[in-house]
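Please read this briefing alongside the sequence and the coordinates. It moves from the whole chain to single residues.

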2 protein chains.
Amino acid sequence: MKFKVNKKAIAKHISIVQKAISNRTTLPILEGIKIVANHNIITLTATDSETAIKTSFPAIVEEEGTIVVNSRLFGDIIRKLPDDIITIEVSNYNMNILCSNSEFNIQCQNSEEFPDLPNLGDIKNLKINANDFKDAIRKTSFAVSLDETRATLTGVLMDIVDSKITFVALDGFRMALKKISIDSNINTKAIIPARNCNDLIKIIEDDVIDIDIEIGINIIKFDLGDTIFYANLLGSEFFQYEGLIKDNYKINSKVKKSDFQSSLERASLLAKEDRANLVKLSVSEDIIEIRSNSEIGSSMEIVPAETMGGELDIAFNSKYIIEGLKNLESDEITLSFTDSVNPTIIREIDDNSYIYLVLPVRLAN
Amino acid sequence: MKFKVNKKAIAKHISIVQKAISNRTTLPILEGIKIVANHNIITLTATDSETAIKTSFPAIVEEEGTIVVNSRLFGDIIRKLPDDIITIEVSNYNMNILCSNSEFNIQCQNSEEFPDLPNLGDIKNLKINANDFKDAIRKTSFAVSLDETRATLTGVLMDIVDSKITFVALDGFRMALKKISIDSNINTKAIIPARNCNDLIKIIEDDVIDIDIEIGINIIKFDLGDTIFYANLLGSEFFQYEGLIKDNYKINSKVKKSDFQSSLERASLLAKEDRANLVKLSVSEDIIEIRSNSEIGSSMEIVPAETMGGELDIAFNSKYIIEGLKNLESDEITLSFTDSVNPTIIREIDDNSYIYLVLPVRLAN
């Protein structure tokens, strides 16, 4: 195998496949990147057996071939080389890297030991706008459960029904839900591990317009053009989230998001973690009063509000509200309450496609 | 006590005194900042019993007084308040903080329990240019020893002789030495803990021109104008560093610093820590060849050089050379060798005031 390639090009694609390399693998072959040089195209593949990433880019291939090279060392060397043409030549499992005044020789592994890419079996196809997808993942994946004993809740559900995808993540304390439209009439569910979602949106570049998705029985495949991303699915039996959203929110408050968020952040300074970051809200017609206290002191914040439908005292874990607020983009937001024990819903003022739902904390008295 | 102050002003000075607060103190009073309101000046003091910082700023003092407040909580609250006027009022060990729509109440401690500032005893005075001082500390303090059993080597020596200060730090593998001129004829030595040096240069603001230094028996005091910094000295018996610098450097190589540094960084990728980051240099008339190897591979780098005085093979721990190179500012640098076992000296091409000295690694053959 022998090829010449621009440093920046190969460095970029190494960073992409490295997202599929696990730090904890015990199989040496999975610490490697498989390189295939064929018809002036270089293809890099990496996998941790739960995820796989394959990415391709053009190069001047002088001799075709296939090899597996240690990912960390290869990536570190390429990234530190000057911004110039790199010549890579492999013979007898030795990779020679030449660039300007630098020369490296690295031992490689046989590519026949490298696992094959997964087979999806029967698939369902859809196409999704890349920006819509990134936005939906960002606004939901932070809300997944960290409890590995409830595996499906550690993923983001894509609930695909009637030309819409509802992205849902929840952890028993709060739920984030984002709806986007697609041009497809398939109906299916897929639960993608949150970790994979976050890696995936990092490698979707700005010039990607649409993503082709294939959903198999246990595996989902995202085709970004140059790069293909495979992830194992977490089954398809998710929590019945639809029942959580009622339509009897009697009390609705409009507040300025930045005021509400910074007041909650200040109140949190006296709402200790060991006491569930407890903040108490008193919602009335013109203001929301936020109170917190600990052994060392207390705080009181007043946030101007426009409330319709009555007054209410309610308590929250401030952390869950603040995390949701960070995903709302409008200046003004709506808080919708039923009472002090049922979930509260937080939305942008003029966009119902994103819903963030938080369970209040029940107070003793 | 009651005063009004701009948020930014008090937040800045809290950050300054917090550098003297230890995270590991067992004395609750040392977790506090002492606040004195007097004649329209607020003075904040903090200490961890090895360092003390006192800083002052103007405010509208409506009632004079003294109190100690928890540093972390007070700092966090003030920093999160809006950029507005803050009113702070203390009565009965309760501090009330009012700002815009926010109100906090925090329990405080009696300032009588707070330790006094240290007494320096007989002192020697000098004045030093603030930029010279910061530059000298940055270029030396990274080279101190981390070995607490050789306490004096964990500090930076200020060796003051004949209107010059020589700043020296060394750890048995390398030495960094920077000379600056001062307008004083005192002769003395002071060893300042590296940790304190680094905190100190962070709080010297750009508008500070000169620093007044008072050296007592065990304590040094830096007067920056608004802020005074006290540090305990680490004795005055330092290693006899003068003997390390010989004048018999036969072989001198001139190289481009950036080329030499990036070649060493690449070679380090194959020079493992468990093998002392070993890189081998072959110095000849026109080039320096750098080689490294590990179980998985090898590297070879060629750096153009202008060498006078002969050829040489020598080996180093690459980490020590790279750390020194980062402090050299000129495009071209000089490497001066005697042989493969005695220290090598690295300098800027046209500045002898900074010397970085590295011991080579002796090779078996």
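**Annotated regions and overall build**

For residues 128-238 of chain A, UniProt lists the annotation "domain: DNA polymerase III beta sliding clamp central" from an unreviewed entry; UniProt positions are given here in the numbering used for this model, feature names are shortened, and annotations may be inferred rather than shown by experiment. This is a predicted model, in which local features need pLDDT of at least 70 and side-chain atom pairs count only at pLDDT 80 or more, while totals for chains, interfaces and linings use all residues. Residues are numbered from 1 along each chain as its sequence is written, chains are lettered from A and ligands numbered from 1 in the order in which they are written, and side-chain values use heavy atoms, with hydrogens and water left out.

**Regions of chain A**

- Over residues 128-238 of chain A the chain is 19% helix and 42% strand, with the end C-alpha atoms 22 Å apart; helices (H or I, at least four residues) and strands (E, at least two) are DSSP runs, numbered from the N terminus.
- The UniProt annotation "domain: DNA polymerase III beta sliding clamp N-terminal", also from an unreviewed entry, covers residues 1-118 of chain A, and over that stretch the chain is 19% helix and 47% strand, its end C-alpha atoms lying 26 Å apart.
- Chain A is divided into domain 1 (2-113), domain 2 (124-243) and domain 3 (246-358), with bounds that come from an automatic or database domain assignment.
- Between the C-alpha centres of domain 1 and domain 3 of chain A the distance is 50 Å.

**Chain A as a whole**

- Chain A holds six helices and 25 strands, and its C-alpha atoms fill a box of roughly 75 × 50 × 35 Å, taken along the principal axes.
- Of the 365 residues in chain A, 53% are buried, where buried means under 20% relative accessible area, exposed over 50%, and partly exposed in between (1.4 Å probe, protein chains only).
- Among contacts in chain A with a separation of 6 or more, 66% come from residues 24 or more positions apart, a contact being heavy atoms within 4.5 Å.

**Relation of the two chains**

- The same surface serves both copies, as 100% of the contact residues of chain A recur in chain B.

**Helix α6 of chain A**

- Helix α6 (residues 318-325) of chain A is mostly covered, with six of its eight residues buried, among them Tyr320(A), Ile321(A), Ile322(A) and Leu325(A).
- Asn317(A) caps the N-terminal end of α6(A), placing a side-chain oxygen 3.0 Å from the backbone nitrogen of Lys319(A).

**Surroundings of Ser336(A)**

- Ser336(A) lies in strand β23 (residues 332-337) of chain A and is buried, with a relative accessible area of 0%.
- The side chain of Ser336(A) makes polar contacts with the side chains of Asn252(A) at 2.6 Å and Arg347(A) at 3.2 Å; a polar contact is a pair of N or O atoms within 3.5 Å, and within protein one must be able to donate a hydrogen and the other to accept it, while residues adjacent in sequence count only if both atoms are side-chain atoms.
- Leaving aside neighbours within four places in sequence, the residues in contact with Ser336(A) include Tyr249(A), Ile251(A), Pro343(A) and Ile345(A).
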